[in-house]
Amino acid sequence: MNDKNNKIPFDEDNYTHNINRNNERVLDRRGFMKTLVGAAGVFAVSSLPWGGVAAKELAGLGEKEYKHKKITDIKSLAIGDSVDFKFPGEHDDAILIRLSDNKFVAYQNACTHLRCPVFWDKEKGEMICPCHHGKFDAETGAPTAGPPRRQLPEIQVNVENGVIYAVRVKRYEA
Ligand code: FES
């Protein structure tokens, strides 16, 4: 039998030689409270501006401006026609309708009832949601029939040099 492998290479006391209780940091009640207050302070300061933004967003009152996005050229959109686009994100469906020579309206086209897509019915001159026969006024985005109770979020558009841009989403009080 080889003695060597069974031998502890140093005195067992060495296992605890580096523990010196006198130098351990004691997290007493006062220390704990200080840490807690500090953490709360950091959280409050870091979340302050966003709290305001979130409150405004939740209240649904903000008008949010995004990077302007080209929707189409005026000459490619006849009076009474509509075109679908995405705004502000690549997954946010929206619709632009040309109501007259120089009147353009645009909305996020997720129905305010249960978010089905809303379509422009050119013949009837109204926006319809096929899911539960919801209808919206194309001039204002306000619901006119069916279960929807809130108007469609309007997208403000700008016309520059014959091009229509989406610039801002208007949100309404829920
Ligand atoms: S989802 Fe549009 S009417 Fe219900």
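1. Among contacts in the protein between residues at least 6 apart in sequence, 39% join residues that are at least 24 apart. The structure is a predicted model, and the points below should be read with that in mind.

2. The protein contains two helices and ten strands. Read from the N terminus, its elements follow the order α-α-β-β-β-β-β-β-β-β-β-β. Of the 174 residues in the protein, 18% are buried.

3. Strand 2 (residues 82–86) and strand 3 (residues 93–98) run antiparallel and are joined by five bridges. Together, strand 2 and strand 3 form a hairpin, with six residues between them.

4. The loop between strand 2 and strand 3 contains P88. The peptide bond that joins F87 and P88 is cis, with omega at about 0 degrees. As background, most peptide bonds are trans, and most residues other than glycine have a negative phi.

5. An open sheet of four strands has the order 5-6-7-8, and its pairing is antiparallel. Strand 5 (119–121) and strand 8 (143–145) are the edge strands, each of which pairs on one side only. On average, neighbouring strands of this sheet are turned by 40 degrees against each other, direction ignored.

6. Within this sheet, strand 5 and strand 6 (residues 126–129) run antiparallel and are joined by three bridges. The bridge partner of D121 is E126, in strand 6.

7. The largest nonpolar core has 21 residues, and those that touch the most other members are A94, I95, A106, Y107, V118 and I155. Strand 3, strand 4 (104–108), strand 6 and strand 10 (163–170) each supply at least two residues of this core. Strand 3 provides the largest share, four residues. In soluble globular proteins, nonpolar side chains tend to be buried together.

8. Which residues does I95 touch, not counting those up to four places away in sequence? They are S82, D84, A106, Y107, N109, V118 and W120.

9. W120 belongs to strand 5. Is W120 buried or exposed? W120 is buried, because 23 other C-beta atoms lie within 10 Å, and a residue counts as buried at 20 or more. Leaving aside residues up to four places away in sequence, W120 touches S82, I95, I97, M127 and A138. W120 and I97 are 23 residues apart in sequence, and their C-alpha atoms are 7.7 Å apart in space.

10. Two residues other than glycine have a positive phi and may be considered in turn: R115, with phi near 70 degrees, and H133, with phi near 60 degrees. R115 is found in the loop between strand 4 and strand 5. R115 counts as partly exposed because it has 13 C-beta neighbours inside 10 Å.

11. H133 lies in the loop between strand 6 and strand 7 (134–136). H133 is exposed, because 10 other C-beta atoms lie within 10 Å, and a residue with 12 or fewer counts as exposed.

Key:
Residues numbered from 1 in each chain as written. Predicted model: local features only at pLDDT ≥ 70, side-chain atom pairs only at ≥ 80, totals over all residues. Pairing = 2+ DSSP bridges. Contact = placed C-beta atoms within 7 Å. Axes fitted to C-alpha atoms, helices over the stretch in contact; angles between N-to-C directions. Core = buried A, V, L, I, M, F, W, Y, C linked by C-beta atoms within 7 Å.
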